Amino acid sequence: MKKTCPKTHSPKKCPACGLNDAIIDSTLGVVHCLSCQAKDVRITKSPEFYSLAKKDRVQRIRDEHSADLVQPFSGTKPNPDFFKLYPDKIKEYNVGKDLEKL
Ligand SMILES: [Zn+2]
């Protein structure tokens with residue numbers, strides 16, 4: 001059985017100029033040829049790459065915030081929002097009665 005490698009047997013043409021062979025990046029896929037990359041650095045990475053990177057960054061910011069956004073206590077009073085999110089913590093902090101009063 002013959003194995004064909006798309007990289008060597010049918011090189012894709014650059015999507016920008018269609019003249020030079022495109023560069024196949026293992027993570028980005030088809031990337032513009034070097035001469036096109038030299039002309040415009042903004043097209044060296046695919047739009048998918050940017051949207052993924054952006055999504056990842058947003059998710060990271062959200063994770064950082066959610067961790068310290070809700071605190072179990074506001075001053076000396078238990079924070080009902082926190083215990084709505086983490087009902088199992090009510091026993092741990094022994095705040096069941098305090099929450100009923102709120
Ligand atoms: Zn090109």
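Helices here are DSSP runs of H or I with at least four residues, numbered from the N terminus, and the model to which the exercises refer is a predicted one.

**Exercise 1.** Determine where Leu34 is placed in the secondary structure, and whether Leu34 counts as buried, partly exposed or exposed.

*Solution.* Start with the element: Leu34 belongs to helix H2, which covers residues 34–39. Next, recall the cut-offs, by which a residue is buried with 20 or more other C-beta atoms within 10 Å, exposed with 12 or fewer, and partly exposed in between. Leu34 has 14 C-beta neighbours inside 10 Å and therefore counts as partly exposed. Finally, for its position relative to Cys14, the C-alpha atoms of Leu34 and Cys14 are 9.2 Å apart in space, while the two residues are 20 apart in sequence.

**Exercise 2.** Summarise the protein as a whole by its elements, its burial and its contacts.

*Solution.* Begin with the count, which gives 6 helices and 4 strands, following the pattern α-β-β-α-α-β-β-α-α-α along the sequence. Of the 102 residues in the protein, 9% are buried. Of the contacts between residues at least 6 apart in sequence, 1% join residues at least 24 apart.

Note on methods: Residues numbered from 1 in each chain as written. Predicted model: local features only at pLDDT ≥ 70, side-chain atom pairs only at ≥ 80, totals over all residues. Helix = DSSP H or I, 4+ residues; strand = E, 2+ residues; numbered from the N terminus. Contact = placed C-beta atoms within 7 Å.
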